[in-house]
Amino acid sequence: RVREEGLEAFLVANGAPWVARRLLLGETPEHTITVDEATGGLKIVATGLLGNETVCIFDGAERESTTKKGDVLRGTLALSDDGVLTGKQLRVKDNAKIDVERRVLPESGEMVVRIRIVEASGKAIEQKQFFTRA
C-alpha cells in the first residue's frame, strides 16, 4: 500500500480498537492478482492483518465467504469491459451492504481499492487504498 484515504475512520466505524488501528495503519499490505488455473477466475491474495485469499469467478452466481474475523459475506462479483472488478456483498450478521471496487488509474498506474459499507441504519463509511504495481 502506498497511501490510504479514510482508513482510520473506517476502522473506528467498524469497531476496531485503538491498538489494532495503530497496527493496521502502520502495516504495508500487498495485493497480488493472478489467474486461477483451476477455475479461470482471478485469484486475489491480500497480505497483512486483514489479508485473505479469494478466487473471483465472474459467472453471476451468488457466493458465500467468511472473513478472518468470522463474518459471513454473501454476494456477487463482476468484471467490466474496462477492467474494473466490483464486488457487492451483504454482511449477514448485521445486514450491512459492502461494495468493493478495484480499478487501475491510467494516469498513475496505481490500483485503487475502494470499500464502502452501508449499515442497515443507512450510515455509510468509505475508505480507499492505493497500491503501486510491483
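Trainee: Which residue in β4 does Val45 stand opposite?

Mentor: Val45 stands opposite Glu53 in β4. A word on the source before we go on. This is a predicted model, in which local features need pLDDT of at least 70, side-chain atom pairs count only at pLDDT 80 or more, and totals for chains, interfaces and linings use all residues. Residues are numbered from 1 along each chain as its sequence is written, and side-chain values use heavy atoms, with hydrogens and water left out.

Trainee: What counts as a strand, and what counts as a pair of strands?

Mentor: Helices (H or I, at least four residues) and strands (E, at least two) are DSSP runs, numbered from the N terminus. Two strands pair if DSSP finds at least two bridges between them. Take β3 (residues 42-46) and β2 (residues 31-35): they pair in the antiparallel sense over 5 bridges. His31 has Ala46 in β3 as its bridge partner. β3 also runs antiparallel to β4 (residues 52-56), and 5 bridges join them.

Trainee: Which way do the side chains point along a strand?

Mentor: In a regular strand they alternate between the two faces of the sheet.

Trainee: How many residues lie between the strands in the hairpin of β2 and β3, and in that of β3 and β4?

Mentor: Between β2 and β3 there are 6 residues, and Gly40 in the turn has a positive phi of about 80°. Between β3 and β4 there are 5 residues, and Gly48 takes a positive phi near 105°.

Trainee: Where do β5 and β6 lie, and in which sense do they pair?

Mentor: β5 covers residues 63-66 and β6 covers residues 72-79. They pair in the antiparallel sense, over 4 bridges. Look for Glu64: its bridge partner in β6 is Arg74.

Trainee: What pairs with β6 over 7 bridges?

Mentor: That is β7 (residues 85-91), again in the antiparallel sense. Thr76 has Lys88 in β7 as its bridge partner. The hairpin of β6 and β7 has 5 residues between the strands, and Gly83 there takes a positive phi near 85°.

Trainee: How many helices and strands does the protein chain have?

Mentor: Count 2 helices and 10 strands. From the N terminus on, the order is β-α-α-β-β-β-β-β-β-β-β-β. The radius of gyration is 15 Å, close to the 14 Å that the globule rule gives for 134 residues, so the chain is as compact as a globular protein of that length. That radius is taken over C-alpha atoms, and the rule is 2.2 Å times the number of residues to the power 0.38. Along the principal axes, the C-alpha atoms fill a box of roughly 40 × 30 × 25 Å.

Trainee: Is Ala13 buried, exposed or partly exposed, and why?

Mentor: Use the cut-offs: buried means under 20% relative accessible area, exposed over 50%, partly exposed in between (1.4 Å probe, protein chains only). Ala13 has 25% relative accessibility, so this residue counts as partly exposed. Of the 134 residues of the chain, 31% count as buried.

Trainee: Where does Ala13 lie, and which residues is Ala13 in contact with?

Mentor: Ala13 lies in helix α1 (residues 7-13). Contact means heavy atoms within 4.5 Å. Leaving aside neighbours within four places in sequence, Ala13 is in contact with Glu119, Lys123 and Ile125. Ala96 is 83 residues apart from Ala13 along the chain, and their C-alpha atoms are separated by 12 Å.
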